[in-house]
Amino acid sequence: MKPTLQVTFRHMDPSPAIEANIRERAARLARVHGRITGCHVVVEAPHRRHAKGKLYTVRLDVVVPGGEIVVNRDAHDRHAHEDVLVAVRDAFDAARRRLRDHARRTRGDKGPRAGIAHPAGKRDIAD
């Protein structure tokens, strides 16, 4: 099933280039976790931060069976988020990490080292 994607721009004009970038990144998320049923992306340009520059905020709500992954990349002091594409990239990177963790938990994996066996006779002994 192809996930539904909704993109919302707040306090800024919609940009076809930014929306195309978001659609491409959402397609990559679908390859990480194949059971995404919906994704809502909100890109916001706060209108009161003239002293710090225009710092963009990106929020992702990704719906998967058994839960919802919410990522809110708030740009408090990240001057890199003056570029909207950097803010989008950071939000999707965080979403990818959370989706991988969610997939691992639903499979029942204990963690990244769960399946590693220690060689026989090798132990750490603290004296």
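Arg89 counts as partly exposed, with a relative accessibility of 35%. In this scale, buried means under 20% relative accessible area, exposed means over 50%, and partly exposed lies in between (1.4 Å probe, protein chains only). The model is predicted, so local features need pLDDT of at least 70 and side-chain atom pairs count only at pLDDT 80 or more, whereas totals for chains, interfaces and linings use all residues. Residues are numbered from 1 along each chain as its sequence is written, and side-chain values use heavy atoms, with hydrogens and water left out.

**Elements and sheet**

The chain contains two helices and four strands, which follow one another from the N terminus as β-α-β-β-β-α. These elements are DSSP runs numbered from the N terminus: helices are H or I with at least four residues, and strands are E with at least two. Of the 127 residues, 34% count as buried.

The four strands form an open sheet in the order β1-β2-β3-β4, with mixed pairing. Since β1 and β4 stand at the edges and each has a single partner strand, one side of each is left without a neighbour in the sheet. On average, neighbouring strands are turned by 10 degrees against each other, direction ignored. Two strands are said to pair if DSSP finds at least two bridges between them; β1 and β2 pair in the parallel sense over seven bridges. Within this pairing, Phe9 stands opposite Val43 in β2.

Helix α1 packs on the sheet and touches β1, β2 and β3, its direction making about 145 degrees with that of β1. Helix α2 lies across β2, β3 and β4 and runs at about 150 degrees to β4. For such angles, axes are lines fitted to C-alpha atoms (for helices over the stretch in contact), and the values run from 0 to 180 degrees between N-to-C directions.

**The nonpolar core**

In soluble globular proteins, nonpolar side chains tend to be buried together. A nonpolar core is here a set of buried Ala, Val, Leu, Ile, Met, Phe, Trp, Tyr and Cys residues joined through side-chain atoms within 4.5 Å. The largest such core has 27 residues, and those with the most contacts inside it are Ile22, Leu29, Val41, Val43, Leu60, Val62 and Phe92. Two or more residues each are given by β1 (4–10), α1 (16–32), β2 (38–44), β3 (57–64), β4 (67–73) and α2 (84–107). The largest share, eight residues, comes from α2.

Contact means heavy atoms within 4.5 Å. Leaving out residues up to four places away in sequence, Phe92 touches Ile22, Arg25, Ala26, Leu29, Val41 and Leu60. His102 lies in helix α2 and is buried, with a relative accessible area of 9%. Beyond its neighbours within four places, His102 is in contact with His33, Val64, Pro65, Gly66 and Ile69.

**Salt bridges**

Side chains of opposite charge can pair when their charged atoms come close. A salt bridge is a side-chain nitrogen of Lys or Arg within 4 Å of a carboxyl oxygen of Asp or Glu. The structure holds six salt bridges, including the following.

| Salt bridge | N to O distance |
|---|---|
| Arg59 and Asp61 | 3.2 Å |
| Arg89 and Asp90 | 3.1 Å |
| Arg96 and Asp93 | 2.6 Å |

Arg59 is partly exposed at 33% relative accessible area, whereas Asp61 counts as buried at 13%. Asp90 is also buried, at 16%. Arg96 is partly exposed, at 25%; Arg96 and Asp93 both lie in helix α2, three residues apart, about one turn of the helix.
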